[in-house]
Amino acid sequence: MKSDVAADSPEGFESARVRHEELAAEVERHRQLYNRDDAPVVSDAEYDALMRELMALEDEHPVLRTQDSPTQAVGGDLSELFAAVEHAEPLLSLDNAFGEADLTAWAHRVTTEVPDATYLCELKIDGLAVNLTYENGVLVRGATRGDGRTGEDITPNVRTIADVPHRLKDNDRYPVPEFLEVRGEVYMSTSSFERLNADRMADNERIATANAERAKEGKRQQKLLPMYANPRNAAAGSLRQKDAAETAKRALSMTVYGVGARRGFEPTRQSEAYAALAAWGLPTSAYWKRVSALDDVKAYVEQYHERRHDVVHEIDGVVVKIDEIVNQRRLGSTTRAPRWAIAYKYPPEEVTTRLTNILVSVGRTGRATPYAVLEPVRVAGSEVEFATLHNQDVVRAKGVLIGDRVVVRKAGDVIPEVVGPVDGARTGDEREFVMPSNCPECGTGLRPMSEGDVDLRCPNARSCPAQLRERLAYLTGRSCLDIDGLGYVACAALTQPLEPAMPPLADEGDLFDLTMEKLLPIKVVVRDPDTGLPRKTEDGEEKVVSFFANDRGEPKENATKLLANLEKAKSTQLWRIVNGLSIRHVGPVAARALATEFGDLDAIFAAEEERLAAVDGVGSTIAAAVRQWHEEPWHREILEKWRAAGVVFTEEPAEGVAKNLIGVTTVITGSLEGWTRDGAAEAVRVRGGKVSGSVSKKTSFVVVGDSPGSKYDKAVKLGLPILDVDGFAELLENGPEAAMEKSIGDAG
């Protein structure tokens with residue numbers, strides 16, 4: 001709430017002073033938790049917001065900006081676990097830009113003083129800043145940033161990092177200097193982080209199982225291991241192990257990004273320093289780029305915002321530097337940060353919020369999945385209220401309680417996930433989650449699908465409203481029948497109308513029997529888009545409206561569209577029908593393989609299990625699931641209803657299309673002009689080729705469009721043939737030999 005007191009009045013200053021004192025104490029606490037203890041209780045975004053408010057108060061009242069303010073500090077206090085070591089040259093922090101306006105303002109300040117400046121852009125790794133000291137090419141010390149002037153001596157731990165050379169390689173162009181400080185970032189790759197947390201979860205599952213036995217015997221329970229919230233915390237915790245042998249077990253990496261004090265080496269540009277560091281065998285980034293205009297800087301920032309997850313490590317932004325050393329010196333530094341560099345921060349993908357409840361949803365195969373109900377929070381550009389918790393063992397292994405403050409992560413388009421509780425934030429009012437013993441929608445007892453299965457499932461596959469709704473939504477979705485006008489809300493309306501009316505769809509078999517007469521009576525409860533709760537009428541009743549009819553009882557456009565698209569879907573591709581049957585373990589890849597091999601739905605279900613398993617991409621598990629699905633009488637009834645409605649169960653080979661890509665494996669990446677991704681992939685498949693989602697030595701061609709991402713980089717590294725849109729057309733028309741002539745990359 002904005003105060004009516006003028007900021008420049010005595011009352012206004014006193015209010016600002018009190019708020020500044022509160023903020024400074026809070027920021028300082030969080031700074032120490034992050035830098036010294038590796039145990040933050042707020043997300044980076046929340047910390048940045050507090051710091052921005054503190055800086056704004058100091059801008060408004062400069063007298064509040066004292067030397068002991070957190071805005072003037074670098075890093076945090078030193079841990080008592082390691083000896084203190086002084087850097088030969090201060091290792092400063094960076095000022096932040098949180099949007100294009102901040103970046104433009106910084107560039108304007110810089111170019112006003114040094115108009116001939118060139119920019120250098122590089123990825124901002126979310127890791128731990130480390131200073132390496134080399135004397136006559138030999139690594140003598142590794143230290144953390146600390147407070148910028150004094151760090152922690154972690155030399156034995158740094159020596160365990162494979163990327164860090166113990167001795168620099170001499171080079172004719174860049175002789176090894178007498179003395180050199182190298183600045184870099186130690187990090188843990190996302191894949192290594194996931195493995196580390198997976199191992200911790202497995203340990204916690206064992207501890208939880210043992211604790212259950214201890215509880216029966218009245219013994220003290222063992223504490224669960226805390227989950228690492230993110231790769232940065234994992235890297236910092238690993239690097240600060242007292243026993244270097246423990247650090248060596250963690251897969252840490254390092255990328256260097258600059259030099260500090262030096263004797264015998266005087267680069268003229270930052271980019272020249274990078275060339276020298278690489279020549280000496282130090283791990284430099286492959287992503288930095290020199291540009292001359294601010295528009296090019298912004299293009300780089302946007303490019304890697306889109307490709308954020310194509311890099312092996314976490315990035316939280318882009319660092320922009322002035323390349324010329326002479327210009328860096330002219331611009332100088334403040335007490336905490338250089339004026340010649342700035343960090344552009346991307347929107348956070350990890351935040352903290354309150355876990356208000358844990359509920360259970362039931363999916364299309366009957367799997368009962370706990371999910372977190374959260375206090376709404378903005379993460380990765382969207383509002384998040386729910387997050388997956390996978391199963392009851394995962395809830396237990398992650399150690400989350402209802403009421404906890406939790407870390408929530410949403411990377412790109414990935415479903416939001418609760419990483420774990422925030423250590424030290426509990427009040428004592430939290431409570432354990434108890435998995436229900438019955439299906440929350442139909443009341444059937446939950447049970448494991450098979451012996452040893454950790455997931456509980458509702459066995460009432462045919463009649464459970466939740467399973468039918470989810471199966472129907474999947475069946476009519478993009479990867480199956482792709483019926484426009486039949487989204488999730490419509491599927492819910494078709495399967496769960498208000499009492500006493502019966503649902504128009506008893507199961508999927510009734511889908512193609514829908515008529516306008518069946519659609520018009522359907523009504524749905526109106527729900528609040530923010531809370532999901534039913535809206536009420538003036539009488540306090542749930543508000544109900546017609547879904548397919550207007551106020552006059554006439555068909556809405558969605559009803560007409562739905563029926564037209566249902567008719568069209570009767571002659572869809574066979575693999576889409578197979579995929580839409582919700583056969584356990586059968587996804588688009590296996591569905592395509594079966595459709596291609598047999599060309600007839602009846603032939604698929606008539607085949608022996610051994611014959612199905614022999615199909616490339618199927619195997620014994622999927623083959624058994626296909627046979628098991630068809631043995632269920634009500635499943636066969638669905639197929640007979642569809643057949644009677646005119647659904648086509650066969651697929652004729654594409655006429656006039658040569659099978660000229662048999663044995664060819666293609667990877668398609670980027671936006672290909674004139675093609676959708678699905679369309680391009682289908683064009684390869686109908687010619688007998690395979691389409692893979694990952695690049696390997698077995699890949700025949702990599703087809704690249706605009707913004708191809710890391711798959712293009714890997715193709716170049718492996719020396720694979722690379723095709724643009726013209727080369728792709730040649731591949732389809734004339735086969736692999738002709739396409740090799742159109743390759744825009746080396747064939748190795």
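1. Basis. This is a predicted model, in which local features need pLDDT of at least 70 and side-chain atom pairs count only at pLDDT 80 or more, while totals for chains, interfaces and linings use all residues. Residues are numbered from 1 along each chain as its sequence is written, and side-chain values use heavy atoms, with hydrogens and water left out.

2. Helices α3 and α9. Helix α3 covers residues 100-113 and helix α9 residues 294-306; they pack at about 145°, their axes 11 Å apart. Helices here are DSSP runs of H or I with at least four residues, numbered from the N terminus. Axes are lines fitted to C-alpha atoms over the stretch in contact, and angles run from 0 to 180 degrees between N-to-C directions.

3. Contact of α3 with α9. On the α3 side are Glu100, Leu103, Thr104 and Ala107, which meet Leu294, Val297 and Lys298 of α9 (contact: heavy atoms within 4.5 Å). By class, this contact has four nonpolar, one polar and two charged residues. Ala, Val, Leu, Ile, Met, Phe, Trp, Tyr, Cys and Pro count as nonpolar, Asp, Glu, Lys and Arg as charged, and the others, Gly among them, as polar.

4. Helices α12 and α13. Helix α12 (residues 465-475) packs against helix α13 (residues 488-495) at an angle of about 135°, with 9 Å between the axes. α12 is therefore oblique to α13 (under 35 degrees is roughly parallel, over 145 roughly antiparallel, 65 to 115 roughly perpendicular, and the rest oblique). Their crossing is right-handed. Leu468, Arg469, Glu470, Leu472 and Ala473 of α12 make the contact with Tyr488, Cys491, Ala492, Leu494 and Thr495 of α13. These residues divide into seven nonpolar, one polar and two charged.

5. Cysteines. Searching the whole structure gives zero disulfides (a pair of cysteine sulfur atoms within 2.5 Å). For Cys439, the nearest cysteine sulfur is that of Cys442, 3.7 Å away. For Cys464, it is that of Cys439, at 3.8 Å. Cys439 counts as buried at 4% relative accessibility, and Cys464 is buried at 0%. Buried means under 20% relative accessible area, exposed over 50%, and partly exposed in between, with a 1.4 Å probe and protein chains only.

6. Ala606. This residue lies in helix α18 (residues 601-606). Ala606 counts as exposed, at 61% relative accessibility. Its C-alpha atom is separated by 8.9 Å from that of Arg627, which is 21 residues apart from Ala606 along the chain.

Definitions and conventions
Helices (H or I, at least four residues) and strands (E, at least two) are DSSP runs, numbered from the N terminus. A crossing is left-handed if the near helix is turned anticlockwise from the far one by less than a right angle, and right-handed if clockwise.
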